[in-house]
Amino acid sequence: MPVIWIRLLLLPLFFCPTLALAQVDATPATDPARFLALESVARTDATAQDLARRIEARAIAEAEAGSGEPVEVEGMLVDFADGRRLLHVALCGGAWFGNLGCHSSLFTMPAGGAGFVRVLDLIGSGPIWFDSREGVGGWPDLILGGTRPSHPPYIRWRWTGQTFDKVWPPG
């Protein structure tokens with residue numbers, strides 16, 4: 001009996017796959033009201049910049065010593081209403097950061113937390129959006145813009161309770 005119900009539930013996907021894909025594959029390009037650009041919700045003030053420089057001090061010093069060039073540091077801080085925080089740090093400049101010229105990291109801090117924890121390292125520094133409809137544990141899913149032509153245009157990352165893991169595309 002349960003097999004019949006599962007088949008009945010899947011029939012709409014079989015007969016109308018484009019409708020199902022449109023609902024699953026919403027992107028910042030197809031539904032801009034649903035996806036909030038990190039830049040639109042983050043602070044980039046002196047506090048954000050100071051946090052970014054303090055947290056990544058060792059990486060900045062290493063890159064500057066290795067390349068002999070100054071590193072551009074950009075911090076974007078998101079304060080959630082319940083006290084959680086998310087910090088995006090982009091380090092850019094010179095050959096130290098490879099072909100894309102940047103390395104970025106995400107750090108989270110739980111409400112009442114003692115400090116930030118690195119939860120995601122990214123090559124490059126493409127755009128990031130929060131999915132206002134999908135998420136886990138109060139953390140929105142993150143949609144990252146692909147930074148290379150060989151990647152899909154959007155990559156979805158979801159909170160696992162300790163870090164963000166890639167959930168789409170599969171593999």
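Colleague: What is the handedness of the disulfide between cysteine 92 and cysteine 102?
Modeller: In this predicted model, the torsion about the S-S bond of cysteine 92 and cysteine 102 is about 115°, so the disulfide is right-handed.

Colleague: Which parts of the chain does that pair link?
Modeller: The pair links distant parts of the chain, 10 residues apart. Cysteine 92 belongs to strand E3 (residues 85–92), and cysteine 102 belongs to strand E4 (residues 102–109).

Colleague: And what is the S to S distance?
Modeller: From S to S, cysteine 92 and cysteine 102 are 2.0 Å apart. The count for the protein comes to 1 disulfide.

Colleague: Are these cysteines buried or exposed?
Modeller: Cysteine 92 is buried, and cysteine 102 is buried as well. Across the protein, buried residues account for 36% of the 171 residues.

Colleague: Changing topic, how many helices and strands are there?
Modeller: The protein has 5 helices and 9 strands.

Colleague: Which of the elements has the highest mean pLDDT, and which the lowest?
Modeller: Helix H4 (residues 46–55) has the highest mean pLDDT, at 96, whereas helix H2 (residues 17–24) has the lowest, at 35. Over residues 1–24 the pLDDT is below 50, and this stretch has 3 contacts in the model beyond near neighbours in sequence. Where pLDDT is low, the predicted coordinates should not be read in detail.

Colleague: What is the average for the protein?
Modeller: The average pLDDT of the protein is 80, and 78% of the residues score at least 70.

Colleague: Now to isoleucine 155. Where does it lie?
Modeller: Isoleucine 155 is part of strand E8 (residues 154–159).

Colleague: Why does isoleucine 155 count as buried?
Modeller: Isoleucine 155 counts as buried because its relative accessibility is 14%, and the cut-off for buried is under 20%.

Colleague: Which residues does isoleucine 155 touch?
Modeller: Leaving aside residues up to four places away in sequence, isoleucine 155 touches Leu142, Ile143, Leu144, Lys166, Trp168 and Pro169.

Colleague: How far apart are isoleucine 155 and isoleucine 128?
Modeller: Isoleucine 155 and isoleucine 128 are 27 residues apart in sequence, and their C-alpha atoms are 9.6 Å apart in space.

How values were computed: Residues numbered from 1 in each chain as written. Predicted model: local features only at pLDDT ≥ 70, side-chain atom pairs only at ≥ 80, totals over all residues. Heavy atoms only, no water. pLDDT = per-residue confidence, 0-100. Helix = DSSP H or I, 4+ residues; strand = E, 2+ residues; numbered from the N terminus. Contact = heavy atoms within 4.5 Å. Disulfide = S-S within 2.5 Å. Buried < 20%, exposed > 50% of the residue type's maximum accessible area, 1.4 Å probe, protein only.
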